[in-house]
Amino acid sequence: MRWENLTEGPAGPAALFGAGAVVTRTIDTPEFRGITFHEVRARSIVNRVPGASRMPFEWTVNPYRGCSHACVYCFARKTHSYLDLDTGLGFDSQIVVKTNAPELLRRELAAPRWSGAHIAMGTNVDCYQRAEGRYRLMPGIIEALRDRANPFSILTKGTLILRDLPLLREAAEVTEVGISVSVGFTDTALWRTVEPGTPSPAARLNAVRTLTDAGIECGVLMAPVIPFLGDSPAQLRATVRAVAESGATSVTPLVLHLRPGAREWFTAWLGEHHPHLVERYERMYAGGSYAPTWYQRMITRQVHELAAEFGIGPARRGAARPIAGPERPDGPASAGATQLTLL
């Protein structure tokens, strides 16, 4: 592993970890079997997002690298190659843990140069993946942000966020706190194959309900919408309906994008599980990492129409939305919607 290129020495102050700061552990318990943890002492924890990024925020905190959620499409897989780690199984099972993240964040937030800007979490890998159950980094991170009244947001597929609900409520009393849960579909067969290490979509939506009932506004990032596997009108309707019933304050669709690192792993998975779709994907993503604009707009329009039908919107923030009565047939799609660029 290429730790030496990321520690103190020739790399100078830009190094990610201090010299001799890496401890590798394997834990032979059922929930962590097959996973190796690399415990590191990070040199910095608040990261600036590159200016060319599509992200609508400037600063992030990522206490982990790699993710046991093992989502076959995860765009962060490429980051594991910087450590000479495999972007496939290595990304799923070799987890880098920045054990000093809370104390480091507290120090960086107190620095005179820090302006109190919004900090986003869960935008690279999930900060509430299984490793968080062992290392408990997020409580200290949230406490540091709360104590400085620093605005922040969290995106997660993990239900472990509910453990920190009291801290989130405390933080929301003094600063802006945004929570989003990622649920791209409710198809359980699809979930088991593309997101094998995550809580089920139903469990995630139950977490949304718990958060909103506790007074923490929670939106759903409907991501990814997977072409030809999770994008039928019936699947979109079922997902938006379930999101509405969870009490989510909003639903934001995002079509699957396949960046280098993720693209190769996803294509290999597709060839094994859905070989008849390989050629269709090659055509759809021939232009790069993103699906064609017309397709993104079509999905966005359909989801917005369904959201309006099921009553998701700011007028009833956090309220329960029981949906009764027979399913209505899909109506004609309207034109003119634009593609959202949340991520």
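Here is a chat between two colleagues about this predicted model.

Colleague: Which strands are the edges of the open sheet of four strands?

Modeller: The order in that sheet is S1-S2-S6-S5, with mixed pairing. An edge strand here pairs on one side only, and that picks out strand S1 (23-26) and strand S5 (64-65).

Colleague: And which residue in S2 stands opposite Arg25?

Modeller: S1 and strand S2 (residues 36-40) run antiparallel, and four bridges join them. Across from Arg25, the residue in S2 is Phe37.

Colleague: Moving on to strand S8 (residues 152-156), how many of its residues are buried?

Modeller: Look at which way they point: Phe152, Ile154 and Thr156 go one way from S8, while Ser153 and Leu155 go the other way. Both groups are buried. S8 is therefore largely enclosed by the rest of the structure, and the count of buried residues is five of the five.

Colleague: What is the bridge partner of Ser153 in S9?

Modeller: S8 has a parallel pairing with strand S7 (residues 119-121) over three bridges, where Met121 stands opposite Ile154. S8 also pairs with strand S9 (residues 177-182), again in the parallel sense, over five bridges. In S9, Ser153 has as its bridge partner Gly178.

Colleague: Is strand S10 (residues 218-225) mostly covered or mostly uncovered, and how many of its residues are buried?

Modeller: S9 runs parallel to S10, with four bridges joining them, and Ile179 stands opposite Cys218 there. S10 also pairs with S11 in the parallel sense over four bridges, and Val220 stands opposite Val251 in that pairing. S10 is mostly covered, with a buried count of eight of its eight residues.

Colleague: Now the helices: how is H8 oriented relative to H11?

Modeller: Two packed helices are described by the angle between their axes and the distance between the axes. For helix H8 (residues 233-245) and helix H11 (residues 293-309), the axes come within 9 Å and cross at roughly 45°. That makes the orientation of H8 to H11 oblique.

Colleague: By class, what residues does the contact of H8 with H11 have?

Modeller: H8 passes H11 in a right-handed crossing. On the H8 side, the contact is made by Leu236, Arg237 and Val240, and on the H11 side by Ile299, Gln302, Val303, Leu306, Ala307 and Glu309. Sorted by class, the contact of H8 with H11 has six nonpolar, one polar and two charged residues.

Terms used:
Residues are numbered from 1 along each chain as its sequence is written. This is a predicted model: local features need pLDDT of at least 70, side-chain atom pairs count only at pLDDT 80 or more; totals for chains, interfaces and linings use all residues. Side-chain values use heavy atoms; hydrogens and water are left out. Axes are lines fitted to C-alpha atoms, for helices over the stretch in contact, and angles run from 0 to 180 degrees between N-to-C directions. Helices (H or I, at least four residues) and strands (E, at least two) are DSSP runs, numbered from the N terminus. Angles under 35 degrees count as roughly parallel, over 145 as roughly antiparallel, 65 to 115 as roughly perpendicular and the rest as oblique. A crossing is left-handed if the near helix is turned anticlockwise from the far one by less than a right angle, and right-handed if clockwise. Contact means heavy atoms within 4.5 Å. Ala, Val, Leu, Ile, Met, Phe, Trp, Tyr, Cys and Pro count as nonpolar, Asp, Glu, Lys and Arg as charged, and the others, Gly among them, as polar. Buried means under 20% relative accessible area, exposed over 50%, partly exposed in between (1.4 Å probe, protein chains only). Two strands pair if DSSP finds at least two bridges between them.
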